[in-house]
Amino acid sequence: TYLAWMDCRAISEDPADLKRLMFDEARVAFTEGSVFGKAGAGYLRVNMACPRSRLAEALERFAAAVEARKSR
């Protein structure tokens, strides 16, 4: 499959907060899980059907944004 689900509940279960983290802080466009229903809150869906370098860059930027948030 080319779709992966990331459990981000330890970061936030608030869909608006995860969107801010993705779009504003990490500048990536994963799919916020609550668009698939209540059970998806706190998850992100990652489409991996792209060049490996692009996927690695997106995941690295997301991880850096999470780390930056922790240090605030």
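**Entry 1. Salt bridges**

I take a salt bridge to be a side-chain nitrogen of Lys or Arg within 4 Å of a carboxyl oxygen of Asp or Glu. The model I searched is a predicted one. My search of the whole structure returned seven salt bridges. I noted that a network of salt bridges links Asp17, Arg20, Glu25, Arg69 and Arg72.

I then looked up individual pairs in this network. For Arg20 and Asp17, the closest N and O atoms are 3.4 Å apart. These two residues are three apart in helix H1, which means that about one helical turn separates them. I recorded Arg20 as partly exposed, at a relative accessible area of 39%, whereas Asp17 counts as buried, at 14%.

Asp17 also forms a salt bridge with Arg69, and there the closest N and O atoms are 2.9 Å apart. This pair joins distant parts of the chain, since Arg69 lies in helix H2 and Asp17 in helix H1, 52 residues apart.

Arg69 has a salt bridge with Glu25 as well, with 3.0 Å between the closest N and O atoms. I noted that this pair, too, links distant parts of the chain: Glu25 belongs to helix H1 and Arg69 to helix H2, at a separation of 44 residues. Glu25 counts as partly exposed, with 31% relative accessibility.

**Entry 2. The sheet**

I next traced the strands. The sheet is open and has three strands in the order E1-E3-E2, with antiparallel pairing. Its edge strands, E1 (3-7) and E2 (31-32), each pair on one side only.

I counted five bridges between E1 and strand E3 (residues 43-47), and two between E2 and E3. Across from E3 residues I found Trp5 opposite Arg45 and Met6 opposite Leu44.

Which residues of E3 make up its covered face, and which its uncovered one? I assigned Leu44 and Val46 to the covered face, and Tyr43, Arg45 and Asn47 to the uncovered one. As background, side chains in a regular strand alternate between the two faces of the sheet.

**Entry 3. Nonpolar core and surface patch**

I then examined the largest nonpolar core and found that it has 14 residues. Those with the most contacts inside it are Leu21, Met22, Val28, Phe30, Leu44 and Phe62. Two or more residues come from each of helix H1 (15-26), E3 and helix H2 (52-70). H2 gives the most, with five residues.

On the surface I located a nonpolar patch formed by Trp5, Val35 and Phe36, whose accessible area together is about 340 Å². I placed Val35 in the loop between E2 and E3. Val35 is exposed, its relative accessible area being 55%.

**Entry 4. Cysteines**

How many disulfides does a search of the whole structure find? My search found zero. I therefore looked at the distances, bearing in mind that a disulfide needs two cysteine sulfur atoms within 2.5 Å. The cysteine sulfur closest to that of Cys8 is in Cys50, and it is 17 Å away, so the two are too far apart for a bond. Starting from Cys50, I reached the corresponding result: its closest cysteine sulfur is in Cys8, at 17 Å.

I also looked up how accessible each of these cysteines is. Cys8 counts as buried, with 3% relative accessibility. Cys50 counts as partly exposed, with 28%.

How values were computed
Residues numbered from 1 in each chain as written. Predicted model: local features only at pLDDT ≥ 70, side-chain atom pairs only at ≥ 80, totals over all residues. Heavy atoms only, no water. Pairing = 2+ DSSP bridges. Helix = DSSP H or I, 4+ residues; strand = E, 2+ residues; numbered from the N terminus. Buried < 20%, exposed > 50% of the residue type's maximum accessible area, 1.4 Å probe, protein only. Patch = residues over 30% accessible without salt bridge, like charges linked within 9 Å, V, L, I, M, F, W, Y side chains within 5 Å. Areas by Shrake-Rupley, 256 points an atom, 1.4 Å probe, with all protein chains shown as cover. Core = buried A, V, L, I, M, F, W, Y, C linked by side-chain atoms within 4.5 Å.
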